Amino acid sequence: MQIQTNFSLKKYNTFGIEAKAKQFVAVQNLDELKSILKNHASDKKFILGGGSNMLLTKDIDALVIHVDLKGKKIIKEDDDFVWVESQAGENWHEFVLWTINQNFGGLENMSLIPGNVGTTPVQNIGAYGTEIKDTFVSCEAMNILSQEMKSFTKEDCNFGYRESVFKQEAKDKYVITSVVFKLTKRNHKINTSYGDITKELEKQNVTTPTLKDVSNAVIAIRQSKLPDPKELGNSGSFFKNPIISKELFEKVQQKFPEVKFFEVSPTEVKVPAGWLIEHSGLKGYRKVDAGVHKNQALVLVNYGNASGQDILNLSKYVQKTVFDKYGIAIEAEVNVI
């Protein structure tokens, strides 16, 4: 375990932003994590997972602790379900593929989401009609100040749309070290109703989809719309889909009858942020090396040498343009550092 100084974080964030850490260390087990937290109790600390849901706008004047805990195992099972524990540093997509190869159902719709397992509960990540909360059982986390371990149940996590306790009262207080999911072994609930999954399965001539078929369809859709962070810096969806009152939506719909929407409650409607951005004329918009992706307007990209500030300025321009046209505020899903 070696602490490095003035360390480049370019390879540790999916936007590919050049930013430096004052100090950097990677921890590979709980003892190392505990030791670092204890021995550097008075230092400012920054916890880094897969670097997929953040925008670095400056150097990090702190000790950056990269959580690189690996391993996954079955901890319990019965005839219908299996409880699988994954360490926080496991790559999310690789973990999803592993569950599918075991014929464990529940995570297939979230294939190809960038990042590591440990950060998935923070955002309550989701895609194509499923969210982490649907299969989440609990997670283990280390208290940064006391180094004591605490187990968070699903109820403790207080999950909402891209929300959890880890973005609210537990923010910056814990390091998630492992996550437990409850997955199906049989009678899988195949969910193909959201987005283009059905269309993609038809294209592949699949009439009775398996877990692998759904995963492959999701991967094909994502690859057709979303750039690979290894080739073009991005963090996936940059903005949340806004949830607005029906009252506001009806005003928008009167003016723009073609607006897309999903009902989320008797009083609220979710409007796709990507649709709002695209129909504000910003799909493919580029300012120097910061841009709105040409295939998916929800994604902001780094064409090579954009700074974090360039991406942030672009995001603010997108928000203002959408609000000026539709009167709808869109929030960043990405954590701006």
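This note goes through selected features of the model, point by point.

1. **Basis.** The model is predicted: local features need pLDDT of at least 70, side-chain atom pairs count only at pLDDT 80 or more, and totals for chains, interfaces and linings use all residues. Residues are numbered from 1 along each chain as its sequence is written, and side-chain values use heavy atoms, with hydrogens and water left out.

2. An unreviewed UniProt entry places "domain: FAD-binding PCMH-type" on residues 17-186. UniProt positions follow the numbering used here, feature names are shortened, and annotations may be inferred rather than shown by experiment. The span is 16% helix and 37% strand, and its end C-alpha atoms lie 43 Å apart. Helices (H or I, at least four residues) and strands (E, at least two) are DSSP runs, numbered from the N terminus.

3. **Strand S3.** Side chains alternate along S3 (residues 45-48). Buried means under 20% relative accessible area, exposed over 50%, and partly exposed in between (1.4 Å probe, protein chains only). S3 pairs with S5 (residues 60-67) in the parallel sense, over 4 bridges. Strands count as paired if DSSP finds at least two bridges between them. Phe 46 has Val 64 of S5 as its bridge partner.

4. **Helix H6.** H6 covers residues 211-225, 15 residues in total. The expected span is 1.5 Å times one less than the number of residues. That gives 21 Å, and the end C-alpha atoms are 21 Å apart, so the two agree. Buried residues of H6 include Leu 211, Val 214, Val 218 and Ile 221, but also Asp 213 and Arg 222. The buried residues pack against helix H2 (92-101), strand S8 (126-127) and helix H5 (197-203). Contact here means heavy atoms within 4.5 Å.

5. **Cysteines.** A disulfide is a pair of cysteine sulfur atoms within 2.5 Å. The count by this rule is 0. For Cys 139 the closest cysteine sulfur is in Cys 157, at 4.5 Å, which is too far for a bond. Both residues are buried: Cys 139 has a relative accessible area of 1%, and Cys 157 has 0%.

6. **Leu 276.** This residue lies in helix H8 (residues 273-278). Leu 276 is buried, at 0% relative accessibility. Leaving aside neighbours within four places in sequence, Leu 276 is in contact with Pro 242, Val 271, Val 322, Tyr 326, Ile 328 and Ile 330. Glu 263 is 13 residues from Leu 276 in sequence and 16 Å away in space, C-alpha to C-alpha.

7. **Salt bridges.** The whole structure holds 20. The criterion is a side-chain nitrogen of Lys or Arg within 4 Å of a carboxyl oxygen of Asp or Glu. Lys 320 and Asp 324 pair at 2.7 Å, N to O. Both lie in helix H9, 4 residues apart, about one turn of the helix, and both are exposed. Asp 196 and Lys 199 meet at 3.6 Å, N to O; Asp 196 is partly exposed at 26%, Lys 199 exposed at 56%.

8. Lys 240 and Glu 331 form a salt bridge (3.6 Å, N to O). Lys 240 sits in the loop between strands S13 (233-237) and S14 (243-245), and Glu 331 in the loop between helix H9 (308-326) and strand S20 (335-336), so the pair ties together parts 91 residues apart in sequence. Lys 240 is buried, at 11%. Separately, a network of salt bridges links Glu 131, Lys 133, Asp 134, Arg 162 and Glu 333.
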